[in-house]
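Please open the model in your viewer and keep the selection tool at hand. We will go from one stop to the next, and at each stop you will be told what to select and what is there.

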Amino acid sequence: MNILEQTIENITAGDARMRAAARARLEQLTMPHWALGRLMDLAEDLAGMTGSLHPKVERKTIVTMAGDHGVVAEGVSAFPQEVTPQMVRNIVAGGAGVNALSRQAGADVVVVDMGVAADLSDLAGTEKIYNKRIAAGTKNMAAGPAMSRDEAICALEAGIDMALMLASSVDVFGTGEMGIGNTTPSSAIVAAFSGLPAADVTGHGTGVDDNQLAHKIRVIEKSLEVNQPDKNDGLDVLAKVGGFEIGGIAGLILGAASQKKPVVVDGFISTAGALIAHALAPASAGYMIAAHRSVEKGHCVALDILGKKPLIDLDLRLGEGTGAALAMNFVDAAVRVLTEVATFEEAKVSQATP
């Protein structure tokens, strides 16, 4: 049994008994019934994920997966491919959006080179970047599969390896990504799983205009027609129209779920990775926390497939893990509600009359 198969086998449902105990406590807190709404839902979820009425969430890490895409040759992005390694260096140096928001949330940030089309050897040795490089970017999915099935497995197992390696020092994972052109494979993944037309799940990405958007949709339509990804086979979808960093995100989620660690899933590209993880191991969805609803139209479709409601809606579209970093504040808040607010009995406060 390979690492992927073993990890999937190790993913089980959350602790129903602890969920029930958390709900029982939350229902007795000194406030009108469920007055903190979805924050209380999150507290209940965290108890089930961690198997504890005192979920540990102090140690947080955003894992930003980086990779390039052959499909950028089709002119689907407003930015050139050299921005990927430039932004990787910016994140490693601590100067990106994800760094600022992670510092505010008390989270670490690490970058994983899954397949950037540039030499990053000058960054070797820093504790902020890991080399899980599969190739110098995927192939052009408009002309054939983005990667081989073996490469797809390698991408997933690289993400799993990151989760297992970090698990002893991380309570809550966050997903992030960096890769110019990656909204194109993400839209293709959502179209493959949903069965919806590419036009219904494709947005402006990094800011292409309406003419460029129409071209982007045609490229995705061609990619789906050429490759015919099988929505019943998550590996097939990843290999044919995915990305190395998307596979890494899926693997990170699977690895975290196998360790019963919550994973805060960032935006559109991260949720495409979550779809792959869900297709391979449906129980992994029980450990996912949807950070936010992005402006990418396919994101809502992907969240609906996963049965997830995002915590925030701020018209975000940056990626990197920025939404996950923001949402980690709500994870902290939910645990504080569960563990620090007194019950009516503890505080000797009268309850509402029936």
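Which element gives the most to the lining of the largest pocket? Helix α11 does, with three residues. Before you select anything, note that this is a predicted model, in which local features need pLDDT of at least 70 and side-chain atom pairs count only at pLDDT 80 or more, while totals for chains, interfaces and linings use all residues. Residues are numbered from 1 along each chain as its sequence is written, and side-chain values use heavy atoms, with hydrogens and water left out.

**Stop 1: the pocket**

The largest pocket holds about 520 Å³ of space. Of the 30 residues that line this pocket, select the ones closest to its centre, which are Asn 182, Thr 206, Arg 317, Leu 318 and Gly 319. Then colour α4 (83-93), β4, α7 (183-194) and α11 (268-280), the elements that give two or more residues to the lining. A pocket here is an open set of points on a 1 Å grid over the protein atoms alone, where a 1.4 Å probe fits and protein lies on both sides within 12 Å along at least five of seven lines; a lining residue has an atom within 4 Å of a point. The volume is the space filled by probe spheres set on the points, which are joined across faces, edges and corners. Helices (H or I, at least four residues) and strands (E, at least two) are DSSP runs, numbered from the N terminus.

**Stop 2: strand β4**

Next select residues 172-178, which form strand β4; seven of its seven residues are buried, so the strand is largely enclosed by the rest of the structure. Buried means under 20% relative accessible area, exposed means over 50%, and partly exposed lies in between, with a 1.4 Å probe and protein chains only. Val 172, Gly 174, Gly 176 and Met 178 point one way from β4, whereas Phe 173, Thr 175 and Glu 177 point the other way. In a regular strand the side chains alternate between the two faces of the sheet.

Strand β1 (residues 60-67) runs parallel to β4 and is joined to it by seven bridges, and Thr 64 stands opposite Gly 176. Strand β5 (residues 263-265) also pairs with β4 in the parallel sense, over two bridges, and Val 263 is the bridge partner of Phe 173.

**Stop 3: Glu 245**

Select Glu 245 in helix α10 (residues 244-258). Its contacts (heavy atoms within 4.5 Å) include Met 65, His 69, Glu 177 and Asn 182. Glu 245 is buried yet has no salt bridge, and the nearest side chain of opposite charge, Arg 133, is 12 Å away. Lys and Arg count as positive and Asp and Glu as negative, while His and the chain ends are not counted. A salt bridge is a side-chain nitrogen of Lys or Arg within 4 Å of a carboxyl oxygen of Asp or Glu.

**Stop 4**

A search of the whole structure finds 14 salt bridges. For one of them, select Arg 59 and Asp 171, whose side chains meet at 2.9 Å, N to O. Arg 59 lies in the loop between α3 and β1 and Asp 171 in the loop between α6 (149-166) and β4, so the pair ties together parts that are 112 residues apart in sequence. Arg 59 is partly exposed, at 37% relative accessible area, whereas Asp 171 is buried, at 5%.

Conventions:
Pairing = 2+ DSSP bridges. Lists of a residue's contacts leave out its neighbours within four places in sequence.
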